[in-house]
Amino acid sequence: MRKLLDRVYDGALGLAALFLVGIFVLMVSESVLRYFGSYITGAQELVGWFCAAAGFLALPATFKRGEVIRVGIVVDALPGHIRKPALIACMLIAVVCVGYMFKATSLYIWQDFKSEEVTQGMIEVATWIPQTSLLVGVVLLFVVIIDEFIVALRSPASVLRAERAMSTEDLTI
């Protein structure tokens with residue numbers, strides 16, 4: 001199960017990277033085409049959707065790696081006997097907040113789906129289609145928070161850390 005979850009998180013991160021590449025391609029293409037007096041119909045909408053997809057799909061993997069929220073710097077500075085309860089409390093708050101976000105996002109997208117709402121721009125598509133990346137990112141973030149919560153409950157306080165320790169592999173030149 002651990003390997004499957006890690007692959008899912010990494011897959012979502014890979015999709016986020018593809019959306020970033022898509023943003024780059026659209027922006028450069030749009031600049032080149034403007035030079036020649038043309039443009040890409042709906043480029044602004046696509047870039048907006050790609051930005052949202054890249055941001056939300058990257059959340060699970062970055063949370064798993066301890067790179068999302070810097071509250072870990074404070075938590076890791078606490079003594080071991082206080083660190084575990086503090087980390088568990090932070091994760092419970094995260095579960096509640098992301099759980100609410102999951103519910104609200106699901107209801108919002110479901111209402112858009114039922115009402116057959118379409119986007120208001122140069123490209124008309126059902127709004128639930130670009131919003132799906134948001135829902136997928138939130139669902140996976142919810143799963144990874146629960147996953148890490150279970151790991152925190154099972155781990156002894158002495159080895160528990162909110163932030164991943166940096167290694168020489170993290171440094172790039």
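Reader: In this predicted model, how should I read the accessibility of W128: is W128 buried, exposed or partly exposed?

Author: The general idea is that a relative accessible area under 20% counts as buried and one over 50% as exposed, with partly exposed in between. W128 has a relative accessible area of 32%, and therefore W128 is partly exposed.

Reader: How many aromatic pairs does the structure hold, and how is such a pair described?

Author: In general, a pair of aromatic rings is described by the distance of the centres and by the angle of the planes. In this structure there are five aromatic pairs, and one of them is formed by F102 and F142, whose rings are stacked, with 6.0 Å from centre to centre and 25° between the planes.

Reader: Which helices hold F102 and F142, and what does the pair tie together?

Author: F102 belongs to helix α4, which covers residues 80-115, whereas F142 belongs to helix α5, which covers residues 128-154, so the pair ties together parts that are 40 residues apart in sequence. As for accessibility, F102 counts as partly exposed at 31%, and F142, with a relative accessible area of 22%, is partly exposed as well.

Reader: What kind of aromatic pair do F113 and W128 form?

Author: F113 and W128 form an edge-to-face pair, with 5.4 Å from centre to centre and 80° between the planes. Because F113 lies in helix α4 and W128 in helix α5, this pair ties together parts that are 15 residues apart in sequence. F113 has a relative accessible area of 40%, so F113 is partly exposed. Together with W110, the residues F113 and W128 make up one aromatic cluster.

Reader: Returning to F142, which residues does F142 touch, if those up to four places away in sequence are not counted?

Author: With those sequence neighbours left aside, F142 touches V95, V98 and G99. Another way to read the position of F142 is through C-alpha atoms: those of F142 and M101 are separated by 9.1 Å, while the two residues are 41 residues apart along the chain.

Reader: Where is E116 found, and what is the value of its phi?

Author: As a general idea, most residues other than glycine have a negative phi. E116, a residue other than glycine, has a positive phi, near 55°. E116 is found in the loop between α4 and α5, and at 66% relative accessibility E116 counts as exposed, because exposed means over 50%.

Key
Residues numbered from 1 in each chain as written. Predicted model: local features only at pLDDT ≥ 70, side-chain atom pairs only at ≥ 80, totals over all residues. Heavy atoms only, no water. Phe/Tyr/Trp six-rings, centres within 6.5 Å; stacked < 30°, edge-to-face > 60°. Helix = DSSP H or I, 4+ residues; strand = E, 2+ residues; numbered from the N terminus. Buried < 20%, exposed > 50% of the residue type's maximum accessible area, 1.4 Å probe, protein only. Contact = heavy atoms within 4.5 Å.
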